[in-house]
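Subject: Structure handover

Hi,

Here is the structure we talked about. Please look it over with the notes below.

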Amino acid sequence: MAHLRSRRRLALAVPVVLSLTATLGFLPGAASAAPQRSAPVATAADGPNLAYVVNTKTDHRTLTSVKKAIVEAGGTVVVTYEKIGVIVAHSASPEFGSQIRAVRGVQSAGATRTTPLTAAGTTDEGAADYLSAAEAAKVKAAATPESEPLEADQWDLRAIGADKAAKINPGSRKVTVAVIDTGVDDTHPDLAPNFSAQQSANCVGGVADTSAGAWRPYTADDYHGTHVAGEIAAARNGIGVAGVAPGVKVSGIKVSDPDNGLFYPESVVCAFVFAADHGVEITNNSYYVDPWLYNCMDDPDQKAIVDAVNRAQQYATKKGTLHLASAGNSNHDLASDAIVDESSPDDSTPVTRTIDPHECFDVPTQLPGVVTVSATGVQNLKSYYSTYGKGVIDIAAPGGDRLYQIPDTPSKNGRILSTMPNNQYGFLQGTSMASPHAAGVAALLKSEHPWASPAQLQALLKAQADNPGCPDSYDQDGNGTQDATCEGGRRVNGFYGFGIVNALKAVK
């Protein structure tokens with residue numbers, strides 16, 4: 001698993017939002033972005049076969065002429081999202097990108113990877129820790145009559161009042177949270193009662209496959225999406241664990257590449273459009289779009305990636321879908337002037353570069369309108385790995401901390417317990433785990449306020465959050481050096497944004 005994690009965005013950073021808006025332009029208005037598939041054509045075989053996103057004007061004449069130009073330049077049109085002006089293409093021509101960028105009507109175009117197509121990118125931190133039968137028996141012995149069998153180990157639910165909230169309002173069946181991820185094992189007994197197959201698909205490659213089971217993980221090692229889904233909506237059915245919103249529906253939209261686990265832009269574009277066109281109210285995005293941790297606007301390929309994904313997520317927002325994303329696990333200050341990126345591109349050989357987070361964006365986390373979530377541990381303190389930044393982090397939520405914040409639970413495990421493929425349970429930590437907690441609270445708020453728009457839901461999320469304020473010291477390892485600097489006050493700061501989500505307040 002390359003980088004399954006929880007990511008961040010620029011919700012509070014007005015200058016960055018304006019910068020993105022000015023750079024990307026306004027999203028074309030549309031009622032549907034249903035894709036059109038095209039028959040493949042022969043491609044030039046004098047270079048690596050790469051995938052591209054081509055972003056154009058949305059009128060039919062322009063789209064038709066651009067698709068013709070793609071074929072003439074030695075490319076294959078894979079799918080066209082007409083209403084947002086995004087075309088996914090393949091080409092083996094080394095000059096394809098520069099040729100297409102010169103075509104009239106093309107606003108940006110670039111390769112979505114740096115290595116050839118073959119016949120992962122998430123934000124969890126560290127390997128999974130599966131709950132053994134012996135450990136499960138110990139946890140079940142601590143269960144109360146009103147709790148789920150394994151709930152004694154779910155310190156995270158109690159930290160945000162989700163256990164009490166479930167007794168008031170567990171969430172509405174009219175609300176669906178789509179997990180854009182590595183796939184969801186809907187056969188898990190804690191997920192099956194709340195799973196929505198009609199709102200699930202496999203979007204790998206840019207075209208939605210809705211055949212039965214297409215949304216499931218490739219193997220048991222692709223557990224990330226199943227874990228995330230359980231955190232959001234595991235049913236209170238007396239079997240295992242409980243989700244933050246155990247009454248809402250959850251769906252799975254798989255976007256991870258089967259060969260390397262990466263989350264390529266064309267797959268994520270497909271996922272946002274599919275979610276919007278299938279009535280999904282909320283999406284959870286615990287990943288960053290590969291292959292670049294930060295996409296710099298002065299690079300034509302990276303600019304095209306930002307443009308394409310932004311068009312898709314804004315299309316979904318305009319149709320009523322709220323997006324939440326993890327802030328990342330690099331302990332980066334996204335409000336700083338410079339960040340050293342040593343991991344990009346992650347599909348070939350990374351090159352160390354210094355980027356300006358105001359000009360190079362984490363996608364989809366840093367896109368306008370996306371709620372960015374940082375991670376906390378049982379002490380309501382920023383997790384040691386969590387990325388942060390004043391004006392960037394919107395809210396915080398439990399993501400776990402195995403080193404410095406250990407709970408008084410049967411397993412004494414500071415990470416997050418949730419569902420795993422093949423009817424198993426396991427612990428993970430990361431901003432990947434924080435974002436679904438916030439998405440669950442957003443689902444509760446949507447249940448209470450069914451007519452709330454994405455912007456109104458985001459405002460409600462911030463209003464109900466509890467902000468502990470900046471800590472006096474953040475020297476987690478005790479070596480006398482601050483491990484991160486929190487800027488801001490009690491109302492808004494770089495560690496927690498507007499505060500840690502509160503499920504109980506959401507239903508009251």
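Buried here means under 20% relative accessible area, exposed means over 50%, and partly exposed is in between (1.4 Å probe, protein chains only). By that rule, 62% of the 508 residues in the chain are buried. This is a predicted model: local features need pLDDT of at least 70, side-chain atom pairs count only at pLDDT 80 or more, and totals for chains, interfaces and linings use all residues. Residues are numbered from 1 along each chain as its sequence is written, and side-chain values use heavy atoms, with hydrogens and water left out.

Overall make-up. The chain has 12 helices and 20 strands. These are DSSP runs, numbered from the N terminus: helices are H or I with at least four residues, strands are E with at least two.

Cores. A nonpolar core is a set of buried Ala, Val, Leu, Ile, Met, Phe, Trp, Tyr and Cys residues joined through side-chain atoms within 4.5 Å. The largest one has 61 residues, and L324, V441 and L461 have the most contacts inside it. Helix α10 (residues 431–448) gives the most to this core, nine residues. Apart from it lies another core of 42 residues, including V207, I253, V280 and M297. Contact means heavy atoms within 4.5 Å. Leaving aside neighbours within four places in sequence, V441 contacts I160, V244, L461, Q464, V501, N502, A503 and A506.

Two buried polar residues. T321 sits in the loop between α9 (300–318) and β13 (322–326). T321 is buried, at 1% relative accessible area. A polar atom of its side chain lies 2.8 Å from the backbone oxygen of V280. E266 is in helix α8 (residues 265–277) and is buried too, at 2% relative accessibility. The side chains of E266 and T112 make a polar contact of 3.0 Å. That term covers a pair of N or O atoms within 3.5 Å; within protein, one must be able to donate a hydrogen and the other to accept it, and residues adjacent in sequence count only if both atoms are side-chain atoms. E266 and G206 are 60 residues apart along the chain, yet their C-alpha atoms are separated by 4.7 Å.

Disulfides. The whole structure holds three, each a pair of cysteine sulfur atoms within 2.5 Å.
- C203 to C270: S to S 2.1 Å. The link is left-handed, with -65° about the S-S bond. C203 lies in the loop between β9 (201–202) and α7 (224–233) and C270 in helix α8, so the pair ties together parts 67 residues apart in sequence.
- C296 to C360: S to S 2.1 Å. The torsion is about 105°, so this disulfide is right-handed. C296 is in strand β12 (residues 295–296) and C360 in strand β16 (residues 360–361), 64 residues apart. Both cysteines are buried.
- C470 to C486: S to S 2.1 Å. The link is left-handed, at -65°. C470 is partly exposed at 25% relative accessibility, whereas C486 is buried at 17%.

Strand β19 (residues 416–420) has five of its five residues buried, so it is largely enclosed by the rest of the structure. Five bridges join β19 to β20 (residues 424–428), and the two run antiparallel. Strands pair if DSSP finds at least two bridges between them. T419 stands opposite Y425 in β20. Three residues lie between the strands, and N422 takes a positive phi near 65°.

Best wishes
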